[in-house]
Amino acid sequence: QVQLVESGGGLVQGGGSLRLSCAASGRIRSINTMDWYRQAPGKQRELVAAISSGGATNYVDSVKGRFTISRDNAKNTVSLQMNMLRPEDTAVYYCLANVVTSPSWKSGNYWGQGTQVTVSL
């Protein structure tokens with residue numbers, strides 16, 4: 001019904017920048033929150049940043065001042081601009097969207113497939 005596709009991951013040196021993007025498609029009536037999560041090897045998946053349909057944002061403390069989440073409601077996309085990257089930011093990054101689907105008006109959470117971000121020393 002709904003597909004989320006991420007792009008923009010890769011390998012970067014510490015201090016560098018990457019921009020992740022996630023596009024939602026399918027039977028979408030509207031999208032509520034859109035989030036970015038990450039999961040490092042051996043660790044639990046954690047919420048990195050979230051943005052509401054109205055543009056309110058939240059960040060985990062470790063990325064405040066370095067990462068910026070944004071969205072384009074017309075295009076059903078969410079992005080994560082990551083600056084001043086650190087080796088501890090290395091993880092698989094996933095987008096999550098809470099979507100109201102058509103024609104049912106039901107809402108549900110949908111995950112992307114993940115994109116690898118690796119930050120070297």
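The paragraphs below treat the chain as a whole and then one of its sheets.

This is a predicted model, in which local features need pLDDT of at least 70, side-chain atom pairs count only at pLDDT 80 or more, and totals for chains, interfaces and linings use all residues. Residues are numbered from 1 along each chain as its sequence is written, and side-chain values use heavy atoms, with hydrogens and water left out.

The chain contains zero helices and eleven strands; helices (H or I, at least four residues) and strands (E, at least two) are DSSP runs, numbered from the N terminus. The radius of gyration, taken over C-alpha atoms, is 14 Å, close to the 14 Å that the globule rule gives for 121 residues, so the chain is as compact as a globular protein of that length. That rule is 2.2 Å times the number of residues to the power 0.38. Along the principal axes, the C-alpha atoms fill a box of roughly 50 × 25 × 25 Å.

Of the 121 residues, 40% count as buried, that is, under 20% relative accessible area with a 1.4 Å probe, protein chains only. Among contacts (heavy atoms within 4.5 Å) with a separation of 6 or more, 55% come from residues 24 or more positions apart.

Four strands form an open, antiparallel sheet in the order β1-β3-β8-β7, where pairing requires at least two DSSP bridges between two strands. Because β1 (2-7) and β7 (67-72) stand at the edges with a single partner strand each, one side of each is left without a neighbour in the sheet. Six bridges join β7 to the antiparallel strand β8 (residues 77-82), and I69 stands opposite L80 in β8.

How values were computed. Buried < 20%, exposed > 50% of the residue type's maximum accessible area, 1.4 Å probe, protein only.
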